[in-house]
Amino acid sequence: MVYTMYDVDTNRDGKLDTSDIKSLYLSDISGKKFTKISADFQELIDWNLIESNSRLYFRTVEDTNKNGQFDKNDVVHYNYVNLASGEWTAASYDPI
C-alpha cells in the first residue's frame, strides 16, 4: 500500500492540514511494515510505480534556501524504493 499524508505540523499552526508538508509511506497489504519513505522536511511532489522492475519512484523538494517556501531555487530529489527487497529504503538517483 502507498500512503501520502501530512505527519508533522511543519508550519507550526497547531494542526495537521494541507498547509503542512506531505510525506510518503509504504506498508504491506495488511498494514504491517508501515514505513516512512520520504525524508523529513522534504515535500512529496509525486510518485510512480513501475511494476516491471518492482520499483516505486518518487520526487521530493527540499527548502534549501530556508525561505519557508518551495520555489525554483530549491533542490528536487529523485528517489526510488526497491519493493522486492526485504527492507524498504529510499535510494537516490540522478535523472538523465
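Threonine 60 has histidine 77 as its bridge partner in S6. Strands here are DSSP runs (E, at least two residues), numbered from the N terminus. This is a predicted model: local features need pLDDT of at least 70, side-chain atom pairs count only at pLDDT 80 or more, and totals for chains, interfaces and linings use all residues. Residues are numbered from 1 along each chain as its sequence is written, and side-chain values use heavy atoms, with hydrogens and water left out.

S6 takes part in two antiparallel pairings, tabulated here. Two strands pair if DSSP finds at least two bridges between them.

| Strand pair | Bridges | Direction |
|---|---|---|
| S5 (residues 55-62) and S6 | Eight | antiparallel |
| S6 and S7 (residues 90-92) | Three | antiparallel |

On the S7 side, tyrosine 80 is bridged to alanine 91.

Valine 76 also sits in S6, which spans residues 75-82. Its contacts (heavy atoms within 4.5 Å) include Thr60, and also Ile45, Arg59 and Val61, leaving aside residues up to four places away in sequence. The C-alpha atoms of valine 76 and glutamine 42 are 9.1 Å apart, across 34 residues of chain.

Buried means under 20%, exposed over 50%, and partly exposed in between (1.4 Å probe, protein chains only).

Leucine 49 belongs to strand S4 (residues 42-50). Leucine 49 is partly exposed too, with a relative accessibility of 39%.

Technical notes:
Helices (H or I, at least four residues) and strands (E, at least two) are DSSP runs, numbered from the N terminus.
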